[in-house]
Amino acid sequence: MFFRAVFGRRAAFLALGLFFFATTLAIAGGKSQPETGLSKADALIQEKNYSEAIRLLAEFARMEPENFDPIQNRLRDIMSLMNNYTAVANILLDMVVDNPENLESILTLSRQLAAMNAARREDTEQFIANIEEVARFTVNRRELERILREGGEQLSQKQYLAALRTYQSGFELYQEQMYRAGYGEEVNSRTMNSLGRIDDFIVSASAMITFFEEQAASVLSLRGGIQDAAALLSTYGGVSPYLDELIQTKDDVTQTMRYFEEQTEVTEAAEVKNEGRFFFPMAAVFIQGRTSEAIREGILGAIDAIWNIAAVPLEQRFMDVAGDYFSRTLDLINREEFNYALSMLETSSNFDKFPLELLEKQTAFDTPDDAAENVLEYTVSSEHIRQFLHFNGLEEINGFLSSACNEGLRYADTRAGATAENIPAAWSAGRISVKAAVSRELELRHDYETYIAAIDVILDELSIEANERFNAVPDSSLDGARTDTTFFTAAENTLRALRDKFSQAVINTASEQYTIANGDLNRELSRLEELLARDRSMLDGVPLKLADGTEITAFYPREAAELSMEINSGLETQIETARQLLDDYQNESGAIAASRSIAELSAEARTITSRISNLQIRNNDIRGLALARVSRAEELLNEGRQLFQTARSALARASFDEAQDLAYRSVSRYEDSLAIQESETLRNEITLSITPLIAEIVQLRYEAVVREVRSLVNNARERYFDGRFDQAEETLVRAEERWASISAEPDSEVAYWLTLTRGALFMRGGRTIPVTAPLYPEMSQLLSGARRNYEEGVRLLNNNRREDGLQMFAAAIQKTQEVRLLFPVNQDAGILELRIEQVRDPAVFNQNFAQRFQSAVNGARRGNVEAFADLQDLAQINPDYPGIRAAVVQAEISMGIRPAPPDPRRLARSNELAAAAQRMFAANVRSQYPLVLENVNEALRLNPNNALAMQVKDRVQVAMGSASAVDSQTEQEYMRAVRELQNGNNLLALSIVQRLLQRPENRDSVRLNELRRRIESSM
């Protein structure tokens, strides 16, 4: 405390102030008698006894206030003199504080100050002595500061031995004065012994520092993993004795410092004034350093630094290795290598004893001057609570981890047994029943849940331990220690991960259990679904190859109805099993219920249950549909048999169309019945009963159609030549339709006459506007108006009103042109326009008539419809024009609406072809029938009136038709192919024909081969 009181300039000023205060008190305490007048005051001022003069003047002023002015003048003189004294004193104090080494200047100023206060020389001499003491103290104080600064710099530069020697040099300050101060032999002896022990330590510190630095370098070169544990413990073993020695040294030095502090307090309490008293506070500072500095100073700071050379790297590497043991143990547990983890824990526990021992030494080292805390019933240095918790926590955690590893070994054994047993595979292979498999999975689940419970106990104990440790840490160290609870967190996370594995094993076992249960349910459901699919296929149709090689789709609703009864019985059992399984899922809780796999399996079970329900619905639907189809098949069969009997009756009446229609309808009903319910018996009935009847009907009908078509063609020819084109077309269309009812190949003769007739109709149709035409009223009105304009124009011309007449002609032409926009070759419009031209300018009309006639003839020869119409109109206007009638006839031949006149060569060729065809037909070679038909058609083209050709054609067509009427099915398929060809479905038509030709009995069918040729030519 004294050291701090006298430290600095403020202390010097305080000492000077106390001096003047004491002097003033001494003067004020005098009892001099008041004198009259001012002469005594003047004498005191002359003697420089300013204090006594001030006292006297003050008393005089009180007694004689009327003399205040001379009193005030004398006080002003005194203050001026005292101000000079104060100025010199301030200079002296500044010199003592700022430049205490300049003792000569300090003495000069002291003498000057003494001369200014001669009346109190003894006080002045004491003040000067104090000033000299302060000057020496300031010099030593600056030396103290230098030593502390230099020692601190050496510590920061790790020059520990140099720092010790620097601090040691400070003990010389005031040491001599202290020994001379007379504190007694005991104080001198203890001080000397204490300083001697410090000297001895400093002498030995060099070797210790070198050894510590070598060991620290060796420790720092280690990587900090468990592979360095042996080397680290070896280094620690070598360093440990020196650490003990350093602990003792620090304790001795600390005791010395405390002794010096005690002596400082003693001297201050006794108000000792000798300079020796300064030794103790300064020596204590050299030992402890300045407490306000960021780094520790003094000899104790150097000792701490030397300790840290070895202790800090050891402590850090101990933490690294212990942490590596810990992390590797956790890794082994995470990888389920529990035996290795237990071995690692044992090794780690043996290792952790040495870091704790080092911490005990650290606490012993820190305890003399640093606070220690009681943590978990251990005394721990405040600065090393974190490290203590680190190692102590690892030691505690190891026990928990060991218990967890034992549970892990039990879990691994159980899991290995379950893996070897492979319950799902055994169930899947049929080695165990579903009931046994589910029971075994439940046993495994119970075992895993036991292990989970054990881990939960360990986690609870671990949490309690972590909380106790956390709460046991003093508040002052709490923030620094909290980080070490991360070891507990890491261990807890690992144990929770292990628990999660156990939980996952429970979930996996439950998944296997439910997978088996679902699988068994699904397996049976799949079997029933297969039955239902087969049941459905009986309704949807299955491929069937008939006795003749034909492949069809067969349906079996009667058999499907029977199978659906069997399926329904199985479904009732499965729906009950499925409901029980869903109850099991519903009763699950915790992690199992929350797990994704169980949720998926539960959803799958619900899906299976839904599938069972849907299967029941579908099965019931199939059964209902099957029964309905059975009923419908029987109904159709009965209808077919009735139609068959009716067809026989119609044939007996020679009603071929009716008989064929009834027979086909009968077959259709039979086939409709077969299309619903396949029956070999029913097919035999068709073959033996209906097919012969259809063949007979087809033959007789074919002959009748051929005769009918011949009659219709002859009738149409007559109407054509009579000019009744529309009646001829109607008759030919009917002939075409009748022929199409028995053949897919158009009759060329019918086609020839249709072409002529329709050409004639087309020419006529463009010339006139039928009443049925949509624009007939409008066109008729225009033509009527045009004729009226024409007649009015003629009248006006006859009345010599040519301009008015021409205007009427123009109006008429405008109307005919409107008609010709829609009907370009209209006869009425064309003839009216010619008449207008003829009346308007007869000379020009006659002059251009020959040119127009020749142009129309040339155009008609080229097939131009407008030219042909012009020729007909010209013939109407001028029927007597030379050659015009013959030209019209030739134009009709050119336009294809009139047969050409007989040509002897064409007639001869026609007769030749007809005779050849007759000979070929008489040979009765079926394969030649198409050639026979081709020849007679060519003969009729050359001569439409060739009677022999007509006769041979009818006979060969009847023969070709009868040859193709093999059976009803072939006939129906043939007609279907014809319809598909007519609808443009060429590929489908060809497919039907090729399938029919694959049958041996149809390979030589003329009609089928001819139809195939026709289809292929159109593709």
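User: Let's start with Asp903: is this residue buried, exposed or partly exposed?

Analyst: The general idea comes from cut-offs: buried means under 20% relative accessible area, exposed means over 50%, and partly exposed is in between, using a 1.4 Å probe and protein chains only. Asp903 has a relative accessible area of 24%, so it counts as partly exposed. Keep in mind that this is a predicted model, where local features need pLDDT of at least 70, side-chain atom pairs count only at pLDDT 80 or more, and totals for chains, interfaces and linings use all residues. Residues are numbered from 1 along each chain as its sequence is written, and side-chain values use heavy atoms, with hydrogens and water left out.

User: Where does Asp903 sit?

Analyst: Helices (H or I, at least four residues) and strands (E, at least two) are DSSP runs, numbered from the N terminus. Asp903 is in the loop between helix 32 (884-894) and helix 33 (904-922). From C-alpha to C-alpha, Asp903 is 8.8 Å from Asn943, though the two are 40 residues apart in sequence.

User: Which way do the side chains point along strand 4?

Analyst: They alternate along residues 551-554.

User: How do I read a pair of aromatic rings?

Analyst: You describe it by the distance of the centres and the angle of the planes. Rings of Phe, Tyr and Trp (its six-membered ring) pair if their centres lie within 6.5 Å; planes under 30 degrees apart are stacked, over 60 edge-to-face, and the rest tilted. This structure holds 27 aromatic pairs. Take Phe279 and Phe280: their ring centres are 5.5 Å apart and their planes at 75 degrees, so this pair is edge-to-face.

User: What about a charge over a ring: which residue has Lys250 over its face?

Analyst: The test is that NZ of Lys or CZ of Arg is within 6 Å of the ring centre and within 35 degrees of the ring normal. Lys250 lies over the face of Phe365, at 4.0 Å from the ring centre. Likewise, the charged end of Arg523 sits over the ring of Trp427, 4.2 Å from its centre.
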